[in-house]
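Here are my notes from going through the model you sent.

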Amino acid sequence: MTISNPIEYDQIDHVVLRARDIDVMLAFYRDILGCEVVKHNEPLGLYHLRAGSSMIDLVDMLGKLGPDGGAAPGDEGHNMDHFALRLNNFDAAVIQAWFHQNDIDIGEEVQRFGAAGDGPSLYLSDPEGNRLELKGQ
């Protein structure tokens with residue numbers, strides 16, 4: 001059975017940045033840009049900041065998630081962990097079937113926090129290895 005592309009975008013849900021100095025990054029995004037810290041997942045070293053209807057997440061390089069992205073931000077490492085696209089019509093099985101039909105690996109559905117709160121999401125990588133998250137509402 002052939003599946004048509006089931007993806008309908010709403011907006012960018014969130015961007016995740018990796019931080020060498022979490023205090024400096026928090027001060028910049030919170031105090032200078034005016035983003036509100038809405039959640040701190042201390043065990044993961046993850047801060048969620050509201051930026052309008054979207055989120056900016058900061059990952060402390062010293063936290064549990066920090067090393068997962070490789071080297072710290074700088075000449076040898078990237079500071080963007082992934083970006084998330086919020087979908088209007090999230091059906092994990094249909095989305096997974098679409099990507100599998102196109103020979104693209106995609107992860108399992110997991111509940112994760114985003115701009116609209118907790119909701120279903122799937123991770124995959126683009127052809128250049130950039131990680132992205134497809135997020136339900």
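Leaving aside neighbours within four places in sequence, which residues is Asp-57 in contact with? The first point takes that up, after a word on conventions. This is a predicted model, in which local features need pLDDT of at least 70 and side-chain atom pairs count only at pLDDT 80 or more, while totals for chains, interfaces and linings use all residues. Residues are numbered from 1 along each chain as its sequence is written, and side-chain values use heavy atoms, with hydrogens and water left out.

1. **Asp-57 and its surroundings.** With neighbours within four places in sequence set aside, Asp-57 is in contact with His-14, Val-15, Val-16, Leu-17, Leu-46, Tyr-47, His-48 and Leu-49. Contact here means heavy atoms within 4.5 Å. The residue belongs to strand β4, residues 54–60. Strands are DSSP runs of E with at least two residues, helices are runs of H or I with at least four, and both are numbered from the N terminus.

2. Asp-57 is buried but has no salt bridge, and Arg-50, the nearest side chain of opposite charge, is 9.0 Å away. Buried means under 20% relative accessible area, exposed means over 50%, and partly exposed is in between (1.4 Å probe, protein chains only). For charge, Lys and Arg count as positive and Asp and Glu as negative, with His and the chain ends not counted. A salt bridge needs a side-chain nitrogen of Lys or Arg within 4 Å of a carboxyl oxygen of Asp or Glu. What Asp-57 does have is a side-chain polar contact of 2.9 Å with His-48. (A polar contact is a pair of N or O atoms within 3.5 Å; within protein, one must be able to donate a hydrogen and the other to accept it, and residues adjacent in sequence count only if both atoms are side-chain atoms.)

3. Where does Arg-86 sit? Its place is in strand β5, and it is buried, at 7% relative accessible area. Asp-10 is partly exposed, at 35% relative accessible area. Another salt bridge, 3.0 Å from N to O, joins Asp-13 and Arg-86. Asp-13 is in β1 as well, so that pair ties together parts 73 residues apart in sequence. Both Asp-13 and Arg-86 are buried.

4. How many salt bridges does a search of the whole structure find? There are 4. One of them pairs Arg-131 with Asp-81, with the closest N and O atoms 2.6 Å apart. It links distant parts of the chain, Arg-131 being in strand β8 and Asp-81 in strand β5, 50 residues apart. Arg-131 is partly exposed at 38% relative accessible area, whereas Asp-81 is buried at 15%.

5. **Helix α2.** In α2 (residues 92–101), the buried residues are Ala-92, Ile-95, Gln-96, Trp-98 and Phe-99. Seen down the helix axis, they fall within an arc of 155 degrees, so they line one face of α2. That arc is taken from the directions from the helix axis to the C-beta atoms. They pack against β5 (80–87), β7 (117–125) and β8 (131–135).

6. Asn-102 is in the loop between α2 and β6 (110–114), and it is partly exposed at 37% relative accessibility. A polar atom of its side chain lies 2.8 Å from the backbone oxygen of Trp-98. Asn-102 and Ile-3 are 99 residues apart in sequence but 9.9 Å apart in space, C-alpha to C-alpha. Asp-103, which follows α2, has a positive phi, near 55 degrees.

7. **Aromatics.** The structure holds 1 aromatic pair. The ring centres of Phe-28 and Tyr-29 are 5.1 Å apart and their planes are at 85 degrees, so the pair is edge-to-face. (Rings of Phe, Tyr and Trp, the last by its six-membered ring, pair if their centres lie within 6.5 Å; planes under 30 degrees apart count as stacked, over 60 as edge-to-face and the rest as tilted.) Phe-28 is partly exposed at 38% relative accessible area, while Tyr-29 is buried at 14%.
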